[in-house]
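Visitor: Please take a close look at one part of this structure, the strand pairing. Which strands pair, and how?

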Amino acid sequence: MPSLNSGNQYQLLRERRFLPFFCTQFLGAFNDNVYKNALIIMLAFHAASLTTLSAGTLVNLCAGLFILPFFLFSATAGQLADKYDKSTIIRYVKVFEIGIMALGAIGFLHRNLALQIGALFLMGLHSTIFGPVKYSILPQHLRNDELVGGNGLVEMGTFLAILLGTVVGGVLAAQEHSATLVATAVIAIACAGYLVSRAVPSAPPAAPDLRINWNPVSETWANFQFTRKNRTVFLSVLGISWFWFYGATLLAQFPSYCKDVLGGDEHVATVMLTTFSIGVGAGSLLCERLSGHKVEIGLVPFGSIGLTLFALDLYLASPAAGPGAGVVVGAAAFLAQPANWRILFDLVMIGVFGGLYIVPLYALIQSRSERSHQSRIIAGNNILNALFMVGSAAMALVLLNAGLSIPQLFLVTALLNALVAIYIYTLVPEFLMRFLVWLLVHSIYRLEKSGLDRIPDEGPAVLVCNHVSFVDALIIAAACRRPIRFVMDHGIFRIPVLNFIFRTGKTIPIASAKENPQLLEKAYDEIAAALAHGDLVGIFPEGRITDTGELYPFRGGVSRIIKRTPVPVVPMALRGLWDSFFSRKGGAAMTDLKRIAPFKKVALVAGAPVTPEQVSPEKLQQMVQALRGDWK
């Protein structure tokens, strides 16, 4: 698989393994929203001439019909995506979209409400079938270090498509010959989507022998039961669904919030939607830079903190009382008021932190779920997303009818987000652990990495490194794409706060034969079991943190490990940590506050792997010494 020459996600937009798929999903989301918004505007202004039902009833009916297929057909869609080539499914879905849009076009041209709403339901079915393919195809075409960047581009593209589709649909619906314009546009976009989809590379089925269970109830239950076997994946699915609950709660209130609280017209509502969408796109793209090309779930708590704080500030920034009767301002007048810029800033930051929250969760599901069930897990995720969005609408309806204002609803959502985040991170402390590690190497240190592609992407290996400070393991863990089982002196393992991180990372405590022979033997047994399981094991062969800045002689533990379980050994060296706050330079560590230097430059370098036959403490020490050089 080709590499990213430029080292960033934008290179993917120049490669056939990603660009045709990206354009296909963008055009699908764009067409969904052009059609849906044009229909909603037509119903809002012309419902009386089409039916006896009120405009409000019709709009809510449309929303329900669009989401209904996710409940009915997601389980089947997940099975189809696992059983058949995903690129073939994409092309069939795009042909289906052309037929749907032709039906909807006839409905617009003949002002036939039944055809228009029927086409909307079928577009929901189109999105339901495409959903599992959309996320499960990425791991087949992208490397693990490209998943975050690829997901970031997809999320950015999706929200941009929603924004542009909403605007274009509204503009077309407001024209004199709106029916003809809308009909022509949606068919043209559907045809463009099909043509682009023909360039999507083949994505062979993950489970070609799968027997389709056409019962959506039993298959949905089976999907949930399978997903629950991997606790981290299941809670990630719940975390994604919660994000859609949170987002749906805010987005659904934008029109009323704009009109009744801010006194703005429909152009102000468009400005708010644009601001939010730009924020989500920026946050999604920022994930790749902040995560260092790996699935960094430490960004998820960071995202949830921002979602809470800026929703809270949106409540505080909202006017205490709505505008006077008949007061309506346009976008220019709205932007001319300085107080409103705080509201827009809150919206863009909610979007940014939403992107930081959602992209790593999707990438984690893709990287950790069993490949043969991946599409079905994503289908189950889509069902839960739909269920949570329905729950969002129900909660908003109850609270608003109970007398809460829209800003107060924002406050409730912010507080609920904090409670949900605390609950999830209590259940899966790995999220919080990764956040603390990520925070360490993005605040106290500025980490440079070199040669880390020499660490195998899968399979067992032992990593050996010089030991300079109390946070060496955390820095290595933050730099490497794969989880590492570190072997650590039991005294360091018990340090408060750090102990939480070490335990969550499944660190293996060890002691000398003199101190605790039972713990020593237990550690070697755990190391052998970890390597047999295909894990990476990290050790510090010096057996102690240096107090001179120089390497101590490597002990024989690494030879014992390799003799019992022959695997490759990757030498590594940390640079620049000798005079840091966590080192023993000049005495005890973590006592000289003057040595805390924000964004201190440090480096981690990896050398060529050593075969089991060539492993010796002396050879490894020479290699680590050469990698470290003169920069201690």
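Guide: Two strands pair if DSSP finds at least two bridges between them. Strands themselves are DSSP runs (E, at least two residues), as are helices (H or I, at least four), numbered from the N terminus. This is a predicted model, in which local features need pLDDT of at least 70, side-chain atom pairs count only at pLDDT 80 or more, and totals for chains, interfaces and linings use all residues. Residues are numbered from 1 along each chain as its sequence is written, and side-chain values use heavy atoms, with hydrogens and water left out.

Strand S7 covers residues 600–606. Strand S1 (residues 445–450) pairs with S7 in the parallel sense, over 6 bridges.

How much of S7 is buried? Buried means under 20% relative accessible area, exposed means over 50%, and partly exposed lies in between, with a 1.4 Å probe and protein chains only. Of the 7 residues of S7, 6 are buried, so the strand is largely enclosed by the rest of the structure.

Helix H13 (residues 338–368) can be described in the same terms. H13 is mostly covered, with 23 of its 31 residues buried. Ala363 lies in H13, and Ala363 counts as buried because its relative accessibility is 0%.

Methods. Expected span 1.5 Å × (residues − 1).
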